[in-house]
Amino acid sequence: PKRNIDILKEALSAKKRGQVFSIAFIGVNGVGKSTSLAKTAYYLKTKGNLKVMLAGCDNFRSGAIEQLATHAACLDLPLYEKGYKDDPAVIAKEALAEAKARNYDVVLIDTAGRMQGNEKLMRALAKLVHINNPDVVLFVGEALVGNDAIDQLTKFN
């Protein structure tokens with residue numbers, strides 16, 4: 001990391017400034033991005049008493065939106081999603097606008113998993129980050145990946 005991050009402190013600070021705090025969850029396929037997002041949502045909701053919205057921007061993997069909808073229902077949180085169509089960068093932008101309009105404090109953006117060598121998906125991720133400028137881009141990695149972690153982090157950065 002380039003800096004130490006206290007997600008709760010930063011989200012509460014953004015709330016005081018009247019801003020929506022956003023986190024984009026990125027990483028390779030199957031490492032637990034959606035589950036980590038749900039755990040983060042629970043933490044922010046219960047420890048910070050923050051209004052959290054989930055943004056379903058993984059319209060690549062079959063079942064991704066349904067998985068996020070299940071997390072949202074269990075956590076009693078709203079999910080902004082457009083199904084399996086539209087540009088994930090646009091979906092994230094719309095989710096952020098919706099959150100601001102409805103006075104939400106935090107938007108957690110779920111993205112499609114991708115291998116670091118998949119240039120098309122990596123460009124789509126770069127576009128999502130560039131257009132939406134999330135407060136935090138959180139790489140979710142797998143502990144057992146070994147030396148490939150260096151390549152993953154380098155390319156995701």
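This is a predicted model: local features need pLDDT of at least 70, side-chain atom pairs count only at pLDDT 80 or more; totals for chains, interfaces and linings use all residues.

Visitor: Why does Asp-110 count as buried?

Guide: Buried means under 20% relative accessible area, exposed means over 50%, and partly exposed lies in between (1.4 Å probe, protein chains only). Asp-110 has 1% relative accessibility, so it counts as buried. Asp-110 is found in strand β4.

Visitor: How many helices and strands does the chain have?

Guide: There are 6 helices and 5 strands, where helices (H or I, at least four residues) and strands (E, at least two) are DSSP runs numbered from the N terminus. Along the sequence they follow the pattern α-β-α-β-α-β-α-β-α-β-α. Of the chain's 157 residues, 44% count as buried.

Visitor: Which residues of helix α1 are buried, and what puts them on the same side of α1?

Guide: In α1 (residues 7-16), the buried ones are Ile-7, Leu-8, Ala-11 and Ala-14. They cover an arc of only 130 degrees around the axis, so they lie on the same side of α1; the arc is that of the directions from the helix axis to the C-beta atoms. Lys-9 and Lys-16 are exposed on the other side of α1. The cover over the buried residues of α1 includes β1 (21-26), α2, β4 (106-111) and β5 (136-139).

Visitor: What makes α2 roughly parallel to α3?

Guide: The axes of α2 (residues 33-48) and α3 (residues 64-75) come within 10 Å and cross at roughly 20 degrees. Angles under 35 degrees count as roughly parallel, over 145 as roughly antiparallel, 65 to 115 as roughly perpendicular and the rest as oblique. That angle therefore makes α2 roughly parallel to α3. Residues meeting here include Leu-37 and Tyr-42 in α2 and Leu-68 and His-71 in α3.

Visitor: And why is α4 called roughly parallel to α5?

Guide: α4 and α5 (residues 119-132) pack at an angle of about 30 degrees, with their axes 8 Å apart. By the same cut-off, α4 is therefore roughly parallel to α5. The contact is made by Pro-88, Ala-89, Ala-92, Lys-93 and Leu-96 of α4 and Lys-127, Leu-128, Ile-131 and Asn-132 of α5.

Visitor: Where does Asp-76 lie, and how do you know that it is exposed?

Guide: Asp-76 lies in the loop between α3 and β3 (79-81). Its relative accessible area is 64%, so Asp-76 is exposed. Most residues other than glycine have a negative phi, yet Asp-76 has a positive phi of about 55 degrees although it is not a glycine.

Visitor: What makes Asn-103 exposed?

Guide: Asn-103 has a relative accessible area of 57%, so Asn-103 is exposed. Asn-103 sits in the loop between α4 (88-101) and β4, and has a positive phi of about 60 degrees although it is not a glycine.

Definitions and conventions
Residues are numbered from 1 along each chain as its sequence is written. Side-chain values use heavy atoms; hydrogens and water are left out. Axes are lines fitted to C-alpha atoms, for helices over the stretch in contact, and angles run from 0 to 180 degrees between N-to-C directions. Contact means heavy atoms within 4.5 Å.
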